[in-house]
Amino acid sequence: MTDRQIPSNVESLPSPEPGRRVLIKGQQTKAIIIDAALGLASQIGLEGLSIGAVAEVTGMSKSGVFAHFGSREELQISVIREYHDRFESSVFYAAMQKSRGLPRLHAMFDNWMVQTSAEIDSGCIYISGAVEFDDRSGPVRDALASSVATWQTALRRAVELAQAEGQLSQEADAHQIAFEIHGLILALHYEARFLRNPSATERARRGFLHILARYGAPTMPPSAVPAAGAKAAKLVAVPKTRRKPADH
């Protein structure tokens with residue numbers, strides 16, 4: 001053996017080329033901007049989002065933010081994509097660890113309730129965005145509608161798998177079941193965020209169990225319907241302060 005020190009893997013790696021370092025830094029900066037823009041859009045809505053508003057909260061210049069997106073519209077679309085990625089990770093992929101059928105469908109709904117509960121004082125981009133862009137056309141609305149449709153398809157697919165497993169009636173309309181489940185989340189958001197009803201979460205959970213019981217397979221005993229999972233995040237009635245959007 002010798003006294004010569006063997007360099008670590010990190011030390012032995014070649015330094016990134018100057019151009020590569022600039023690219024990585026640019027990607028990191030863009031990620032920081034999107035994160036700040038998402039937080040801002042949750043408070044003031046996608047329509048209130050602007051290059052100027054994001055520049056203000058990030059401490060950057062308008063030209064610096066503009067250089068990463070090129071337009072307010074592209075900034076809004078980037079925020080929608082980021083929100084969708086986070087929603088997909090916490091609600092959909094987390095539920096994929098459960099067995100296909102009712103356990104997975106139940107996990108998806110529980111995760112969705114937790115997500116909705118966590119957004120009571122900030123706002124859901126899917127719901128607020130639908131209100132803002134329901135009567136408009138264009139790339140921002142298309143990106144938002146595409147994200148929502150992707151999630152609805154995944155929810156309906158989970159219902160169909162429960163039917164295939166013999167846990168929900170195969171005679172039932174999977175679209176109708178998914179529609180009713182989605183309706184519970186919309187009611188939860190309205191009751192909890194607007195009316196500040198502290199029992200909204202429990203009512204949504206109870207409504208979900210009623211849907212499973214109503215559409216259960218004829219050979220499925222009532223005891224086979226999964227019990228309510230972990231409690232969703234507690235809903236706290238905290239007054240919201242809305243930030244005025246900066247000039248575009």
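Figure 1. E82 and R86 both belong to helix α5, where four residues, about one turn of the helix, separate them. In this predicted model, the two side chains form a salt bridge whose closest N and O atoms are 2.8 Å apart. E82 is partly exposed, with a relative accessible area of 24%, and R86 is likewise classed as partly exposed, at 37% relative accessibility.

Figure 2. Helix α8 holds both E160 and R157, which are three residues apart, about one turn of the helix. The closest N and O atoms of this salt bridge are 3.8 Å apart. Because its relative accessible area of 29% falls between the limits of 20% and 50%, E160 counts as partly exposed, and R157, at 46% relative accessibility, is also partly exposed.

Figure 3. R72 and E47 form a salt bridge in which the closest N and O atoms are 3.4 Å apart. This pair links distant parts of the chain, since R72 lies in helix α5 while E47 lies in the loop between α2 (18–44) and α3 (51–58), 25 residues apart. R72 is partly exposed at 21% relative accessibility, and E47 is partly exposed with a relative accessible area of 28%. The count of salt bridges comes to 10.

Figure 4. S78 is located in helix α5, which spans residues 72–95. With a relative accessible area of 8%, which is under the 20% limit, S78 is classed as buried. When residues up to four places away in sequence are not counted, S78 touches I34 and F69. The C-alpha atoms of S78 and K30 are 9.9 Å apart in space, although the two residues are 48 residues apart in sequence.

Figure 5. The rings of Y190 and F194 form a tilted pair, because their planes meet at 55 degrees, with the centres 5.3 Å apart. Y190 and F194 both lie in helix α9, four residues apart, about one turn of the helix; Y190 is partly exposed at 48% relative accessibility, whereas F194, at 58%, counts as exposed. Ring pairs also link Y83, F87, W112, Y126 and W151 into a cluster.

**Figure 6. The largest pocket and its lining.** The largest pocket contains about 330 Å³ of space. It is lined by 17 residues, of which Y126, I127, A130, V148 and H182 are the closest to its centre. Helices α7 (125–133), α8 (139–164) and α9 (174–194) are the elements that each give two or more residues to this lining. By residue class, the lining of the largest pocket comprises 14 nonpolar residues, one polar residue and two charged residues.

Key
Residues numbered from 1 in each chain as written. Predicted model: local features only at pLDDT ≥ 70, side-chain atom pairs only at ≥ 80, totals over all residues. Heavy atoms only, no water. 1 Å grid on protein atoms, 1.4 Å probe; cavity = no way out; pocket = protein on both sides within 12 Å on 5 of 7 lines; lining within 4 Å. Points joined across faces, edges and corners; volume = space filled by probe spheres on them. Nonpolar A, V, L, I, M, F, W, Y, C, P; charged D, E, K, R; others polar. Buried < 20%, exposed > 50% of the residue type's maximum accessible area, 1.4 Å probe, protein only. Contact = heavy atoms within 4.5 Å. Salt bridge = Lys/Arg side-chain N within 4 Å of Asp/Glu carboxyl O. Phe/Tyr/Trp six-rings, centres within 6.5 Å; stacked < 30°, edge-to-face > 60°.
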